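Thanks for coming, everyone. I have one structure to show you today. Have a look at it first.

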Amino acid sequence: GSALSLSIASNSTAEAGVAEWIGRFPALVELRSEFPIFELVTKAIAQKLLIEAPWGQKFRVVFGALLSTSDAISDLFVILLLFMKPALEAYRVSKGANILEGQLLTPLDEAMITKSIEMFAEAIPSLCLQIYALLTRSEKPFVMILSVMMSTSTIAYSSSLISYDKDVSPQTRITQPWNYGYILPSPKSRVFAFMGMMIVSSMQVLSKAMMIATLALI
(Lines give C-alpha, C1' and ligand atoms only; values in the text may rest on other atoms or scores of the structure.)
Protein backbone atom coordinates (compact mmCIF):
# COMPACT_ATOMS: atom_id res chain seq x y z
CA GLY A 1 0.00 0.00 0.00
CA SER A 2 2.73 2.47 0.95
CA ALA A 3 4.70 1.61 -2.21
CA LEU A 4 1.69 2.44 -4.36
CA SER A 5 1.15 5.73 -2.52
CA LEU A 6 4.79 6.74 -3.01
CA SER A 7 4.65 5.85 -6.70
CA ILE A 8 1.50 7.93 -7.19
CA ALA A 9 2.94 10.86 -5.24
CA SER A 10 6.10 10.93 -7.38
CA ASN A 11 4.22 11.05 -10.70
CA SER A 12 1.93 13.56 -12.40
CA THR A 13 -0.71 11.04 -13.48
CA ALA A 14 -2.27 7.97 -11.93
CA GLU A 15 -1.36 5.95 -15.03
CA ALA A 16 2.34 6.72 -14.61
CA GLY A 17 2.23 5.93 -10.90
CA VAL A 18 0.54 2.56 -11.41
CA ALA A 19 2.94 1.68 -14.23
CA GLU A 20 5.92 2.43 -12.00
CA TRP A 21 4.44 0.47 -9.07
CA ILE A 22 3.67 -2.62 -11.14
CA GLY A 23 7.05 -2.51 -12.87
CA ARG A 24 8.90 -2.64 -9.54
CA PHE A 25 7.40 -5.98 -8.52
CA PRO A 26 7.68 -9.03 -10.82
CA ALA A 27 4.67 -10.64 -9.16
CA LEU A 28 2.47 -7.69 -10.12
CA VAL A 29 3.79 -7.81 -13.69
CA GLU A 30 2.74 -11.44 -13.90
CA LEU A 31 -0.61 -10.65 -12.29
CA ARG A 32 -1.24 -7.91 -14.86
CA SER A 33 -0.46 -10.24 -17.75
CA GLU A 34 -2.90 -12.86 -16.43
CA PHE A 35 -5.65 -10.48 -15.32
CA PRO A 36 -5.67 -7.21 -17.35
CA ILE A 37 -8.57 -5.91 -15.27
CA PHE A 38 -6.18 -5.66 -12.30
CA GLU A 39 -4.38 -2.69 -13.85
CA LEU A 40 -7.66 -0.97 -14.78
CA VAL A 41 -9.02 -1.25 -11.24
CA THR A 42 -5.73 -0.07 -9.76
CA LYS A 43 -5.68 2.95 -12.08
CA ALA A 44 -9.20 3.92 -10.95
CA ILE A 45 -8.14 3.70 -7.30
CA ALA A 46 -4.93 5.63 -7.98
CA GLN A 47 -6.84 8.36 -9.82
CA LYS A 48 -9.11 8.84 -6.82
CA LEU A 49 -6.14 8.96 -4.46
CA LEU A 50 -4.33 11.46 -6.70
CA ILE A 51 -7.31 13.81 -6.59
CA GLU A 52 -8.20 13.51 -2.91
CA ALA A 53 -4.79 13.04 -1.25
CA PRO A 54 -2.91 16.13 0.04
CA TRP A 55 0.26 15.07 -1.81
CA GLY A 56 1.02 14.50 -5.47
CA GLN A 57 -1.13 16.48 -7.86
CA LYS A 58 -2.50 18.86 -5.23
CA PHE A 59 0.97 19.64 -3.93
CA ARG A 60 2.32 20.35 -7.43
CA VAL A 61 -0.56 22.62 -8.34
CA VAL A 62 -0.44 24.53 -5.04
CA PHE A 63 3.37 24.80 -5.02
CA GLY A 64 3.47 25.96 -8.64
CA ALA A 65 0.70 28.50 -7.98
CA LEU A 66 2.46 29.85 -4.87
CA LEU A 67 5.76 30.09 -6.73
CA SER A 68 4.16 31.92 -9.67
CA THR A 69 2.25 34.24 -7.31
CA SER A 70 5.42 35.04 -5.37
CA ASP A 71 7.20 35.77 -8.65
CA ALA A 72 4.38 38.09 -9.74
CA ILE A 73 4.41 39.93 -6.40
CA SER A 74 8.18 40.41 -6.49
CA ASP A 75 7.93 41.63 -10.10
CA LEU A 76 5.30 44.15 -9.01
CA PHE A 77 7.62 45.54 -6.36
CA VAL A 78 10.37 45.98 -8.97
CA ILE A 79 7.98 47.72 -11.34
CA LEU A 80 6.86 50.14 -8.64
CA LEU A 81 10.47 50.70 -7.56
CA LEU A 82 11.59 51.64 -11.09
CA PHE A 83 8.41 53.70 -11.81
CA MET A 84 7.67 51.60 -14.84
CA LYS A 85 4.28 51.10 -16.35
CA PRO A 86 2.84 47.73 -15.19
CA ALA A 87 2.74 45.08 -17.88
CA LEU A 88 -0.20 42.85 -18.58
CA GLU A 89 0.15 39.36 -17.14
CA ALA A 90 -0.20 36.46 -19.50
CA TYR A 91 -3.05 34.19 -18.54
CA ARG A 92 -3.04 30.40 -18.71
CA VAL A 93 -5.64 28.36 -20.45
CA SER A 94 -6.55 25.41 -18.24
CA LYS A 95 -8.19 22.30 -19.63
CA GLY A 96 -10.32 19.70 -17.94
CA ALA A 97 -9.01 16.25 -17.06
CA ASN A 98 -11.10 14.47 -19.69
CA ILE A 99 -10.09 14.39 -23.36
CA LEU A 100 -12.89 15.60 -25.58
CA GLU A 101 -13.83 13.78 -28.75
CA GLY A 102 -11.70 15.00 -31.64
CA GLN A 103 -9.13 16.61 -29.35
CA LEU A 104 -5.59 16.26 -30.72
CA LEU A 105 -3.60 16.94 -27.55
CA THR A 106 -3.86 15.53 -24.06
CA PRO A 107 -4.26 17.94 -21.11
CA LEU A 108 -0.64 17.19 -20.14
CA ASP A 109 0.64 18.14 -23.62
CA GLU A 110 -1.43 21.32 -23.60
CA ALA A 111 -0.02 22.26 -20.19
CA MET A 112 3.52 21.72 -21.49
CA ILE A 113 2.92 23.91 -24.54
CA THR A 114 1.37 26.65 -22.39
CA LYS A 115 4.26 26.59 -19.94
CA SER A 116 6.79 26.72 -22.79
CA ILE A 117 5.12 29.75 -24.38
CA GLU A 118 4.95 31.49 -21.02
CA MET A 119 8.64 30.85 -20.34
CA PHE A 120 9.98 32.05 -23.71
CA ALA A 121 7.53 34.91 -24.26
CA GLU A 122 7.30 36.34 -20.74
CA ALA A 123 9.39 34.79 -17.98
CA ILE A 124 12.84 34.70 -19.65
CA PRO A 125 12.65 38.20 -21.23
CA SER A 126 11.37 39.56 -17.92
CA LEU A 127 14.29 37.98 -16.08
CA CYS A 128 16.78 39.54 -18.52
CA LEU A 129 15.20 42.98 -18.04
CA GLN A 130 15.28 42.61 -14.26
CA ILE A 131 18.98 41.71 -14.28
CA TYR A 132 19.70 44.59 -16.69
CA ALA A 133 17.88 47.01 -14.37
CA LEU A 134 19.76 45.62 -11.39
CA LEU A 135 23.15 46.02 -13.08
CA THR A 136 22.45 49.62 -14.12
CA ARG A 137 21.60 50.76 -10.58
CA SER A 138 24.27 51.96 -8.17
CA GLU A 139 22.26 50.54 -5.27
CA LYS A 140 21.10 46.93 -5.25
CA PRO A 141 17.78 46.75 -3.34
CA PHE A 142 17.05 43.41 -1.73
CA VAL A 143 13.61 43.27 -3.31
CA MET A 144 15.17 43.39 -6.79
CA ILE A 145 17.59 40.57 -5.96
CA LEU A 146 14.69 38.57 -4.52
CA SER A 147 12.68 39.17 -7.68
CA VAL A 148 15.52 37.84 -9.84
CA MET A 149 15.82 34.72 -7.70
CA MET A 150 12.07 34.09 -7.75
CA SER A 151 11.92 34.51 -11.54
CA THR A 152 14.85 32.13 -11.95
CA SER A 153 13.19 29.55 -9.69
CA THR A 154 9.89 29.80 -11.56
CA ILE A 155 11.54 29.25 -14.96
CA ALA A 156 13.63 26.37 -13.61
CA TYR A 157 10.59 24.74 -12.00
CA SER A 158 8.48 24.98 -15.15
CA SER A 159 11.20 23.67 -17.47
CA SER A 160 12.12 20.84 -15.09
CA LEU A 161 8.48 19.85 -14.67
CA ILE A 162 8.01 19.67 -18.44
CA SER A 163 11.00 17.35 -18.83
CA TYR A 164 10.01 15.30 -15.77
CA ASP A 165 6.40 14.78 -16.80
CA LYS A 166 7.43 13.87 -20.34
CA ASP A 167 9.98 11.33 -19.15
CA VAL A 168 7.78 9.52 -16.58
CA SER A 169 4.85 9.25 -18.98
CA PRO A 170 4.37 5.54 -19.84
CA GLN A 171 3.16 6.39 -23.34
CA THR A 172 6.24 8.49 -24.07
CA ARG A 173 8.59 5.80 -22.83
CA ILE A 174 6.92 3.27 -25.12
CA THR A 175 6.85 5.44 -28.26
CA GLN A 176 10.28 7.08 -27.73
CA PRO A 177 12.39 4.70 -25.61
CA TRP A 178 15.63 6.07 -27.11
CA ASN A 179 14.90 9.58 -25.81
CA TYR A 180 13.04 9.06 -22.53
CA GLY A 181 13.41 6.80 -19.50
CA TYR A 182 16.47 8.38 -17.89
CA ILE A 183 14.69 8.83 -14.53
CA LEU A 184 14.76 5.64 -12.46
CA PRO A 185 11.39 4.12 -11.45
CA SER A 186 11.57 4.73 -7.70
CA PRO A 187 10.12 7.60 -5.62
CA LYS A 188 13.45 8.46 -3.97
CA SER A 189 15.34 8.50 -7.27
CA ARG A 190 12.69 10.65 -8.91
CA VAL A 191 12.76 13.20 -6.09
CA PHE A 192 16.55 13.52 -6.34
CA ALA A 193 16.34 13.64 -10.13
CA PHE A 194 13.82 16.48 -10.07
CA MET A 195 15.86 18.40 -7.48
CA GLY A 196 18.95 17.99 -9.65
CA MET A 197 17.06 19.20 -12.71
CA MET A 198 15.88 22.25 -10.76
CA ILE A 199 19.41 23.14 -9.62
CA VAL A 200 20.97 22.71 -13.07
CA SER A 201 18.14 24.63 -14.77
CA SER A 202 18.44 27.48 -12.26
CA MET A 203 22.17 27.84 -12.86
CA GLN A 204 21.77 27.71 -16.65
CA VAL A 205 18.91 30.22 -16.75
CA LEU A 206 20.61 32.67 -14.38
CA SER A 207 24.00 32.50 -16.12
CA LYS A 208 22.55 32.97 -19.61
CA ALA A 209 20.25 35.79 -18.49
CA MET A 210 23.20 37.56 -16.86
CA MET A 211 25.22 37.13 -20.07
CA ILE A 212 22.44 38.71 -22.16
CA ALA A 213 22.05 41.60 -19.68
CA THR A 214 25.81 42.17 -19.65
CA LEU A 215 25.98 42.24 -23.46
CA ALA A 216 23.25 44.88 -23.45
CA LEU A 217 25.47 47.11 -21.32
CA ILE A 218 28.34 47.02 -23.81
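I'll go through the overall build, then confidence, then a few side chains.

First, the ground rules. This is a predicted model, where local features need pLDDT of at least 70 and side-chain atom pairs count only at pLDDT 80 or more, while totals for chains, interfaces and linings use all residues. Residues are numbered from 1 along each chain as its sequence is written, and side-chain values use heavy atoms, with hydrogens and water left out.

Now the build. The protein chain has 9 helices and 0 strands. Here helices are DSSP runs of H or I, at least four residues long, strands are runs of E, at least two, and both are numbered from the N terminus. Read from the N terminus, the order is α-α-α-α-α-α-α-α-α.

How much of the chain is buried? Of its 218 residues, 35% are. Buried means under 20% relative accessible area, exposed means over 50%, and partly exposed is in between, with a 1.4 Å probe and protein chains only. The chain exposes about 13600 Å², with carbon and sulfur atoms supplying 70% of that. Those areas come from the Shrake-Rupley method with a 1.4 Å probe; for residues, only the protein chains shown count as cover.

Next, contacts, meaning heavy atoms within 4.5 Å. Take the contacts between residues at least 6 apart in sequence: 62% of them join residues at least 24 apart.

On to confidence. pLDDT is the predictor's confidence in each residue, from 0 to 100. The chain's mean is 77, and 77% of its residues reach 70 or more. Helix 1, residues 2–9, is lowest at a mean of 68, and helix 9, residues 187–217, is highest at 90. Over residues 84–97 the pLDDT is below 50, and beyond near neighbours in sequence that stretch has 13 contacts in the model.

Let's turn to helix 2, residues 14–23. Why call helix 2 largely enclosed by the rest of the structure? Because 7 of its 10 residues are buried. They are Ala14, Ala16, Gly17, Val18, Glu20, Trp21 and Ile22.

Keep an eye on glutamate 20. Its relative accessibility is 4%, so glutamate 20 counts as buried. Its side chain meets that of arginine 190 in a salt bridge, at 3.1 Å, N to O. That pair links distant parts of the chain: glutamate 20 sits in helix 2, arginine 190 in helix 9, 170 residues apart. Arginine 190 is also buried, at 3%.

A word on the rule. A salt bridge is a side-chain nitrogen of Lys or Arg within 4 Å of a carboxyl oxygen of Asp or Glu. Side chains of opposite charge can pair when their charged atoms come close. The rule gives 4 salt bridges here.

Another one joins arginine 32 and glutamate 39, at 3.8 Å, N to O. Arginine 32 is partly exposed at 27%; glutamate 39 is buried at 18%.

Then there is aspartate 167 with arginine 173, at 2.7 Å, N to O. Aspartate 167 is buried, at 0% relative accessibility. Arginine 173 is partly exposed, at 22%. Salt bridges that share partners also join Arg32, Glu39 and Lys43 into one network.

Last stop: threonine 154, in helix 7, residues 142–168. Is threonine 154 buried or exposed? Buried, because its relative accessible area is 9%. Leaving out residues up to four places away in sequence, threonine 154 touches Leu67, Ser68 and Asp71.

That's my tour. Questions, please.
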